[in-house]
Amino acid sequence: MLKKQDAIVLKSIDYGETNKVVTLFTKEDGKLAVLAKGAKKPNSRFAAVTQPFVYGSYLYFQGNGLPSLSQGEAVDSFKELQFDIVKSAYAAYITELVDKLTEERKPTFFLFDWLLLALRQINAGQDAEIIARILDMKMLPLAGAKPELDCCASCRSETRDPVAFSVAFAGFLCRNCIHKDERAFPITLPFAKLFRVLYYVDLTKVGTISVKAETKRRLELIIRTYYDEYVGVQLKARRFISQLDKIGGLNSDVDK
């Protein structure tokens, strides 16, 4: 049976001497892998449409076993993501995150839209690091690790301002409860508000968010620690971003 779908390429791995197995993220069927025969050949008609991050229309044959790609047409190749190392690193981060936290053939319509919009925004030059943090936050409920950001995670008070984020309690702590977790991250009220914004924000509003480099580092540390505790995914792209940061490739000392 032939089936045609719009999809985003999450990853592409070599298979044999000339083929590739391409992981597509579709709106209708979720994540699925297809065999692109001959895609490694320089003159292959699949060479361009099987590159990471490409958004395109794909026709594949679904029989027994791995579907076989029949046709592919790029809708948007996101050229900036292919040639800018920082943009490429964060695009790799969010696509790898989606790949790790989704199952085969389980569609999540809103996640497809989020990912496509995020790639478009990074490609257009919006703050790639903040977009990555937003996707980090929005993926948490899908991973079964939703944090408590609307009240104190311990006493459930909605009237006292948060003064810390506790990984152990999976959310904010108020001043009356901060003593319950010695490892909680102290935070300011503006930081808590930003944390909520990143969790609830419509991705179309990202262009209006401006965050200092120091605040970005704090966000990344807290979110990474939370992920390590509750989600447990290890991302190659995160390690690469850390290496870029160490050599100054992210210009992390310059505030936007």
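This is a predicted model: local features need pLDDT of at least 70, side-chain atom pairs count only at pLDDT 80 or more; totals for chains, interfaces and linings use all residues.
1. The buried residues of helix 5 are Phe191, Ala192, Leu194, Phe195, Leu198 and Tyr199. They sit on the same side of helix 5 because the arc they cover around the axis is only 160°. Their packing partners are helix 4 (128-139), strand 6 (162-166), strand 7 (171-174) and helix 6 (213-230).

2. Helix 6 passes the corresponding check on length. Its 18 residues should span 26 Å at 1.5 Å a residue, and its end C-alpha atoms are 26 Å apart, which agrees. After helix 6 comes glycine 232, with a positive phi near 75°.

3. Buried positions in helix 6 are Ala213, Lys216, Leu219, Ile222, Ile223, Tyr226 and Tyr227. Note that a lysine, Lys216, is among them. The cover over these buried residues includes helix 2, helix 4, strand 6, strand 8 (185-186) and helix 5. Helix 4 and strand 6 also pack against the buried residues of helix 5.

4. On the N-terminal part, an unreviewed UniProt entry lists residues 1-78 under "domain: DNA replication/recombination mediator RecO N-terminal". In the model, this span is 58% strand and 0% helix, and its end C-alpha atoms lie 30 Å apart.

5. The second largest pocket holds about 230 Å³ of space. Its lining consists of Leu10, Lys11, Ser12, Ile13, Pro52, Phe53, Ala92, Thr95, Glu96 and Asp99. Strand 1 (2-15) and helix 2 (85-101) are the elements that give two or more residues to this lining.

6. Phenylalanine 53 is placed in the loop between strand 3 (30-36) and strand 4 (55-61).

7. Leaving aside residues up to four places away in sequence, phenylalanine 53 touches Ile8, Val9, Asp76, Phe78, Leu81, Gln82, Ser88, Ala91, Ala92, Thr95 and Leu119.

Definitions and conventions. Residues are numbered from 1 along each chain as its sequence is written. Side-chain values use heavy atoms; hydrogens and water are left out. Buried means under 20% relative accessible area, exposed over 50%, partly exposed in between (1.4 Å probe, protein chains only). Helices (H or I, at least four residues) and strands (E, at least two) are DSSP runs, numbered from the N terminus. The arc is that of the directions from the helix axis to the C-beta atoms. Contact means heavy atoms within 4.5 Å. UniProt positions are given in the numbering used here, feature names are shortened, and annotations may be inferred rather than shown by experiment. On a 1 Å grid over the protein atoms alone, a cavity is a set of points where a 1.4 Å probe fits but cannot get out, and a pocket is an open set with protein on both sides within 12 Å along at least five of seven lines; lining residues have an atom within 4 Å of a point. Grid points are joined across faces, edges and corners, and a volume is the space filled by probe spheres set on the points. The expected span of a helix is 1.5 Å times one less than its number of residues.
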